[in-house]
Amino acid sequence: MALLSSNHAKKLLAQSRCPACGALRTELIDERMIVIATFECSARFAAQGEREIFAHTICPAASHIAAWTLNAEVVAEAGDKAGAE
Ligand SMILES: [Zn+2]
């Protein structure tokens, strides 16, 4: 089990960018029982003790893309209405 947790910690330590959106890493905490990597997008990933890597704070990139898509739909729908008049 020690090898497994060590490999997960090493994997997280090797991430210089957010695994979800590619934003740069802004902080890295590497202590005996925990590794915490924080990224510019505010996402935070951690590997603790015997556990696997987990998303401590979720990357907001997907929500930004969802908002951008909704706005694009509003513009397209307004365009359709203008064309129909
Ligand atoms: Zn991110």
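**View 1. Gly79 in helix H2.** Gly79 sits in helix H2, which covers residues 61-84. Helices here are DSSP runs of H or I with at least four residues, strands are runs of E with at least two, and both are numbered from the N terminus. Is Gly79 buried or exposed? Gly79 is exposed, with 10 other C-beta atoms within 10 Å. The cut-offs, with C-beta atoms placed from the backbone, go like this: 20 or more other C-beta atoms within 10 Å of a residue's own make it buried, 12 or fewer make it exposed, and anything in between is partly exposed. Now look for Gln15: 64 residues away along the chain, its C-alpha atom is separated from that of Gly79 by 43 Å.

A quick note before the next views. This is a predicted model, where local features need pLDDT of at least 70 and side-chain atom pairs count only at pLDDT 80 or more, while totals for chains, interfaces and linings use all residues. Residues are numbered from 1 along each chain as its sequence is written.

**View 2. The whole protein chain.** Two helices and four strands make up the protein chain, and from the N terminus they come in the order α-β-β-β-β-α. The radius of gyration is 19 Å, well over the 12 Å that the globule rule gives for 85 residues, so the chain is more spread out than a compact globule. That radius is taken over C-alpha atoms, and the rule is 2.2 Å times the number of residues to the power 0.38. The C-alpha trace spans about 70 × 25 × 15 Å along its principal axes. Of the 85 residues, 14% count as buried.

**View 3. The four-stranded sheet.** The strands line up as E1-E2-E3-E4 in an open sheet with antiparallel pairing. E1 (25-30) and E4 (54-57) are the edge strands, each with a single partner, so one side of each has no neighbour in the sheet. Two strands count as paired if DSSP finds at least two bridges between them. On average, neighbouring strands are turned by 20° against each other, direction ignored. Axes for such angles are lines fitted to C-alpha atoms, for helices over the stretch in contact, and the angles run from 0 to 180 degrees between N-to-C directions.

**View 4. The hairpin of E1 and E2.** Three residues separate E1 and E2 in this hairpin. The two strands, with E2 covering residues 34-39, pair in the antiparallel sense over five bridges. Which residue in E2 is the bridge partner of Leu28? The partner is Ala37. Asp30 stands opposite Val35.

**View 5. The two faces of E2.** In a regular strand, side chains alternate between the two faces of the sheet. In E2, Val35, Ala37 and Phe39 make up the covered face, whereas Ile34, Ile36 and Thr38 make up the uncovered one. Ala37 also has a bridge partner in E3, namely Phe45.

**View 6. Ser42 between E2 and E3.** E2 and E3 pair in the antiparallel sense over five bridges. Ser42 lies in the loop between E2 and E3 (44-48), in a hairpin with four residues between the strands. Ser42 counts as partly exposed, with 14 C-beta neighbours inside 10 Å.
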